[in-house]
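Dear colleague,

I am passing on a structure for you to look over, and my notes on one of its helices and the surroundings of that helix follow below.

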Amino acid sequence: YRFVNHRWMYRIGYDNEEKKFVHKEMPKGYFAFLGKLNLDDEGAFDNGMYSTSLTRYLTEFPGPTADLPDSLSAAKRTELWVKQNYEYRKSLFKGKVRDHQLTVFVKNQLEQVNDNPALLEWLIKDYKATCTTPAYVAIMDRTYAAAKRMMPGQPAPGFTVVDTLNKPVSLASLSGQVVFIDFWAMWCAPC
């Protein structure tokens, strides 16, 4: 992994000439070397290429997944997916590598799945009982506190942005009105 070219760790690339995302065809078994990856290299747990390799490993070798019935709601399917993936990471990695992988995973969930307070509470409780790195626990405490402020039923945080006429508009100035906000980034293809 120390000599891995990160551009070839992903099946999707960007064609600068065509200005579009493209699917890269990889030879059969291209990622097989990941099966030999040391999953507990504590000397490299925070190395960017090692982390990228572990991310690709988790994609290529996703571990056991339950067959979820179609009758489940999208929220329940998400909850089960999050729990399965968390438990898989928890069982797969050890020591500092486990702490780092769980921190990244839980942080992403806290930032993305804030419509299920019970799931987030379960995640943070188990994470704090599992993680042995105090600095990571402190990061997650701050992230969880921020996620709780964004959960359903909480007042929206105040902010001011510039509108299309280059005039500042604050959320407070729209109080009492229905407001739809759509944030996106030009670099984000799905956006």
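The buried residues of helix 4 pack against helix 2, helix 3 and helix 5, where helices are DSSP runs of H or I with at least four residues, numbered from the N terminus, and buried means under 20% relative accessible area with a 1.4 Å probe, protein chains only. This is a predicted model, in which local features need pLDDT of at least 70 and side-chain atom pairs count only at pLDDT 80 or more, while totals for chains, interfaces and linings use all residues. Residues are numbered from 1 along each chain as its sequence is written, and side-chain values use heavy atoms, with hydrogens and water left out.

The buried positions in helix 4 are Leu119, Leu120, Leu123, Ile124, Asp126, Tyr127 and Thr130.

Helix 2 (residues 74-92) packs with helix 4 (residues 117-130) at an angle of about 5°, their axes being 11 Å apart; axes are lines fitted to C-alpha atoms over the stretch in contact, and angles run from 0 to 180 degrees between N-to-C directions. Helix 2 is therefore roughly parallel to helix 4, a description that applies to angles under 35 degrees. On the helix 2 side, Glu79, Val82, Lys83, Tyr86, Glu87 and Lys90 meet Leu119, Trp122, Leu123, Asp126, Tyr127 and Thr130 of helix 4, contact meaning heavy atoms within 4.5 Å.

Leu110 touches Leu120, Ile124, Met140, Thr143, Tyr144 and Ala147, leaving aside residues up to four places away in sequence.

The 14 residues of helix 4 should span 20 Å at 1.5 Å a residue, which agrees with its end C-alpha atoms being 20 Å apart; the expected span is 1.5 Å times one less than the number of residues.

Best regards

Note on methods: Helices (H or I, at least four residues) and strands (E, at least two) are DSSP runs, numbered from the N terminus. Angles under 35 degrees count as roughly parallel, over 145 as roughly antiparallel, 65 to 115 as roughly perpendicular and the rest as oblique. Buried means under 20% relative accessible area, exposed over 50%, partly exposed in between (1.4 Å probe, protein chains only).
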